[in-house]
Amino acid sequence: IRDSSVTGVQTCALPISGGALIVTPAIVLWVLDHTIKWSRGQSIEFGITTFFLGLVTWIVFQGGQAMTGPHYPLGFLTLSVLIWIAVRFEPRETATAILLTIGIAIWGTLRGSGPFTVSNSNESLLLLQAFMALITVTALGLSVSAREQKHTELALKELNKTLERRIQDRTSTLQSTVEQLKECDCLKNAFVGIVSHELRTPVTSIKIFAKNLFDCFDGQLNEKQQHYVSRIQYNADRLSRMLNELLDLSKIQEGVLEVHPTVLSVQEIANDLWEAFEPLAQQKSISMNMANMTHLPKVYGDRDKLYEIFANLLENAIKFTQAGGHVEIGAQVLDDLYIKVHVSDTGCGISPEHLPKIFDKFYRVTSSAVNVPGSGLGLSIAKGLAELHGGSITVESAPGQGSHFFVTLRSAA
């Protein structure tokens with residue numbers, strides 16, 4: 001009686017475990033998603049794979065005496081097909097395939113056929129339950145993992161597409177903005193050039209009339225009238241210089257400034273600069289020193305443009321150096337191709353936050369120690385002219401330690 005009771009319990013455990021492991025997942029998965037969204041190729045693939053799975057399972061569990069007996073590995077031939085289905089399809093299809101496999105396996109085992117059939121029926125059922133649990137957990141687990149991976153890949157692809165679209169949109173917007181800024185910059189340069197050119201004529205007339213007042217009424221103007229006329233001349237000259245700077249900067253930015261290079265001596269340019277600026281330095285009680293540069297190789301450039309570069313640098317050096325200070329101009333050979341000319345001073349220096357912008361047009365460094373007038377164009381023009389000659393201009397400075405400007409020029413050697 002006890003043996004029959006145990007047999008009955010173990011026999012009843014088979015459909016219970018089968019329902020819990022196989023039937024329930026299949027029903028739940030089909031209820032949650034009962035729509036079929038296969039393509040024609042997927043439908044054909046699932047049909048062929050399911051037929052092959054059924055065929056293999058039938059051969060293993062219904063194959064007659066040759067497949068009957070404790071040949072446990074044979075039962076797991078079906079697992080390879082189930083793994084394929086788990087990887088290629090969703091958990092719903094995998095549960096359906098498992099249900100088909102287990103149905104054939106149970107039927108064959110109950111009929112006394114298959115690799116799990118042994119002399120003891122209870123042992124056969126226990127082996128079959130272990131087989132059912134193993135292939136169900138393995139196939140469904142693999143199917144869920146594969147689905148999550150597919151969903152993750154799809155999400156990543158969609159994210160990549162979204163990012164690409166955003167990048168393209170942002171790039172398009174930036175390109176449009178850059179084009180608009182370039183157009184505005186070109187219009188601004190053209191406007192500055194036109195206005196500067198048109199203003200030169202009246203400014204020249206003012207200068208001529210002011211000079212005529214001095215020449216024609218020499219000795220006839222009282223002290224107050226002479227002061228007014230001199231102020232007219234001074235401001236007319238200042239406005240004329242500013243207009244010339246604007247025109248030069250506009251031409252440099254538009255790439256239309258003409259350069260007429262020749263072979264030049266750095267020493268000759270330095271001598272001209274000394275004659276022009278040494279009196280100005282003496283007026284401010286600033287000592288000015290010029291190194292001997294006769295041994296340097298000659299450079300290839302436009303004399304007037306190179307003079308303008310160093311004139312701007314020397315003028316700034318004298319402006320921002322207080323009485324008793326020192327200004328120096330010198331040069332050295334970098335290599336066979338370049339010569340570096342430096343203009344140094346012992347002035348107030350430049351703060352680190354101003355150094356990156358020092359060559360921007362209209363940028364002026366405000367200092368409580370020194371307050372000098374200017375347009376903020378001199379260094380920008382100097383940089384543009386240096387680059388037109390294939391060279392460069394750099395600066396080293398610190399507050400209270402003066403400034404050192406370096407101009408690199410191509411050697412004519």
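Colleague: Which residues in α4 meet which residues in α5?

Modeller: In this predicted model, the α4 side of the contact consists of T78, L82, I85 and A86, and these meet E93, T94, A97, I98 and T101 in α5.

Colleague: And at what angle do α4 and α5 pack?

Modeller: Helix α4, residues 77-88, packs with α5 at an angle of about 160°, and their axes are 9 Å apart. That angle makes α4 roughly antiparallel to α5, since anything over 145 degrees counts as such. The crossing of the pair is right-handed, and the residues of this contact divide into 5 nonpolar, 3 polar and 1 charged.

Colleague: What about α2 against α5, at roughly what angle do they cross?

Modeller: The axes of helix α2 (residues 40-61) and helix α5 (residues 91-110) cross at roughly 20° and come within 9 Å, and α2 and α5 are therefore roughly parallel to each other. The passage of α2 by α5 is a right-handed crossing.

Colleague: Which residues make that contact of α2 and α5?

Modeller: From α2 the contact takes F46, T50, L53, G54, T57, W58 and F61, while α5 supplies E93, A97, L100, T101, I104, A105, G108 and T109. By type, the residues of the contact of α2 with α5 come to 8 nonpolar, 6 polar and 1 charged.

Colleague: Changing topic, how many residues does the largest nonpolar core have?

Modeller: The largest nonpolar core has 44 residues, and those with the most contacts inside it are L273, I309, F310 and L313. Two or more residues each are given to this core by α7 (223-254), α8 (266-283), α9 (303-319), β4 (326-333), β5 (338-345), α10 (378-388), β6 (392-397) and β7 (403-410). The largest share, 8 residues, comes from α9.

Colleague: How many residues are in the other core, apart from that one?

Modeller: Another core, which lies apart from the largest one, has 23 residues, among them V81, L128, M132 and I135. As a general point, nonpolar side chains in soluble globular proteins tend to be buried together.

Colleague: Back to L273, where is its place, and is it buried or exposed?

Modeller: L273 has its place in helix α8, and its relative accessible area is 1%, so it counts as buried, the cut-off being under 20%.

Colleague: What is L273 in contact with, leaving aside its neighbours within four places in sequence?

Modeller: With those neighbours left aside, L273 is in contact with E278, M288, Y307, F310, A311, L314 and I329. As for M290, L273 and M290 are 17 residues apart in sequence and 9.8 Å apart in space, C-alpha to C-alpha.

Colleague: What is phi of S285 near?

Modeller: Phi of S285 is near 60°, which is a positive value in a residue other than glycine. S285 lies in the loop between α8 and β2 (287-290), and with a relative accessible area of 49% S285 is partly exposed.

Colleague: Last one, where is the place of H354, and is H354 buried or exposed?

Modeller: H354 is found in the loop between β5 and α10, and with a relative accessible area of 16% H354 is buried. Leaving aside neighbours within four places in sequence, H354 is in contact with Y363 and V365.

Methods:
Residues numbered from 1 in each chain as written. Predicted model: local features only at pLDDT ≥ 70, side-chain atom pairs only at ≥ 80, totals over all residues. Heavy atoms only, no water. Axes fitted to C-alpha atoms, helices over the stretch in contact; angles between N-to-C directions. Helix = DSSP H or I, 4+ residues; strand = E, 2+ residues; numbered from the N terminus. Parallel < 35°, antiparallel > 145°, perpendicular 65-115°, else oblique. Left-handed = near helix turned anticlockwise from the far one by under 90°. Contact = heavy atoms within 4.5 Å. Nonpolar A, V, L, I, M, F, W, Y, C, P; charged D, E, K, R; others polar. Core = buried A, V, L, I, M, F, W, Y, C linked by side-chain atoms within 4.5 Å. Buried < 20%, exposed > 50% of the residue type's maximum accessible area, 1.4 Å probe, protein only.
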